[in-house]
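Please inspect the sequence and the structure before working through each solution.

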Amino acid sequence: LPREFVSELERKFFWWEPVGSQPRSDARILAQAMSMAGFAEVRRLEQMPGCERLAETMLRAEPGWIDERSWEFWRGRLMRATGRQIPDAAPVRSFDAGSV
């Protein structure tokens, strides 16, 4: 992805500093944009990185990266556009209460 585009998304959709010394990954930035984008931005995301890249972002998303509502929205759009299978639900953290 063009660095300018990724930097623009990061400035727009993150208002907090990265945790630790590592910069945010492009996938994390795309996932945040996918969760928060308005419709004009949705169309831009579909054009700039493209539907294949967005589907890959969903398939590699970590828990909490994409909210449930956005997951469902993008899942339908990207499955239709790419023909790829995307899980019904976004990944979630699991806590094993029995190990405490």
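The crossing of α1 and α3 is left-handed, a crossing being left-handed if the near helix is turned anticlockwise from the far one by less than a right angle, and right-handed if clockwise. The model is a predicted one, in which local features need pLDDT of at least 70 and side-chain atom pairs count only at pLDDT 80 or more, while totals for chains, interfaces and linings use all residues. Residues are numbered from 1 along each chain as its sequence is written, and side-chain values use heavy atoms, with hydrogens and water left out.

**Exercise 1. The pair α1 and α3**

Determine the angle at which α1 and α3 pack, and identify the residues that make the contact.

Step 1. Two packed helices are described by the angle between their axes and the distance between the axes. Axes are lines fitted to C-alpha atoms, for helices over the stretch in contact, and angles run from 0 to 180 degrees between N-to-C directions.

Step 2. For α1 and helix α3 (residues 39-59), the angle is about 155° and the axes are 12 Å apart. That makes α1 roughly antiparallel to α3. Angles under 35 degrees count as roughly parallel, over 145 as roughly antiparallel, 65 to 115 as roughly perpendicular and the rest as oblique.

Step 3. On the α1 side, the contact (heavy atoms within 4.5 Å) is made by Phe5, Glu8, Leu9, Lys12 and Phe13; α3 contributes Glu41, Arg44, Leu45, Met48 and Pro49.

Step 4. By class, this contact of α1 with α3 has six nonpolar, no polar and four charged residues. Ala, Val, Leu, Ile, Met, Phe, Trp, Tyr, Cys and Pro count as nonpolar, Asp, Glu, Lys and Arg as charged, and the others, Gly among them, as polar.

Step 5. Arg44, placed in helix α3, touches Phe5, Glu8 and Pro49, not counting residues up to four places away in sequence. At 35% relative accessibility, Arg44 counts as partly exposed. The scale sets buried at under 20% relative accessible area, exposed at over 50% and partly exposed in between (1.4 Å probe, protein chains only).

**Exercise 2. The packing of α2**

Describe how α2 packs against α1 and against α3.

Step 1. The axes of helix α1 (residues 3-13) and helix α2 (residues 26-36) come within 9 Å and cross at roughly 55°. That makes α1 oblique to α2, and the crossing is left-handed.

Step 2. Arg3, Val6, Leu9, Glu10 and Phe13 of α1 meet Asp26, Ile29, Leu30, Gln32, Ala33 and Met36 of α2. The residues of this contact of α1 with α2 divide into seven nonpolar, one polar and three charged.

Step 3. Between α2 and α3 the angle is about 125°, with the axes 10 Å apart. That makes α2 oblique to α3. The crossing of α2 and α3 is left-handed.

Step 4. From α2, the contact with α3 draws on Asp26, Ala27, Leu30, Ala31, Ala33, Met34 and Met36; from α3, on Glu41, Leu45, Pro49, Arg53, Leu54, Thr57 and Met58. Ten of the residues in the contact of α2 with α3 are nonpolar, one is polar and three are charged.

Step 5. α2 is mostly covered, with nine of its eleven residues buried. What covers these buried residues includes α1, α3 and α4.

**Exercise 3. Two residues in their surroundings**

Is Gln32 buried or exposed, and which residues does Gln32 touch?

Step 1. Gln32 lies in helix α2 and is buried, with a relative accessible area of 8%.

Step 2. Leaving out residues up to four places away in sequence, Gln32 touches Phe13, Phe14, Trp15, Trp16 and Trp65.

Locate Pro63 and state which residues Pro63 touches.

Step 1. Pro63 is placed in the loop between α3 and α4 and is partly exposed, with a relative accessible area of 27%.

Step 2. Not counting residues up to four places away in sequence, Pro63 touches Pro91, Val92 and Arg93. The C-alpha atoms of Pro63 and Pro91 are separated by 4.7 Å, although these residues stand 28 residues apart along the chain.

**Exercise 4. The chain as a whole**

How many helices and strands are in the protein chain, and what is its average pLDDT?

Step 1. The protein chain has four helices and zero strands. Helices (H or I, at least four residues) and strands (E, at least two) are DSSP runs, numbered from the N terminus.

Step 2. The average pLDDT (the predictor's confidence in each residue, from 0 to 100) is 92, and 95% of the residues score at least 70.

Step 3. Of the 100 residues of the protein chain, 37% count as buried.
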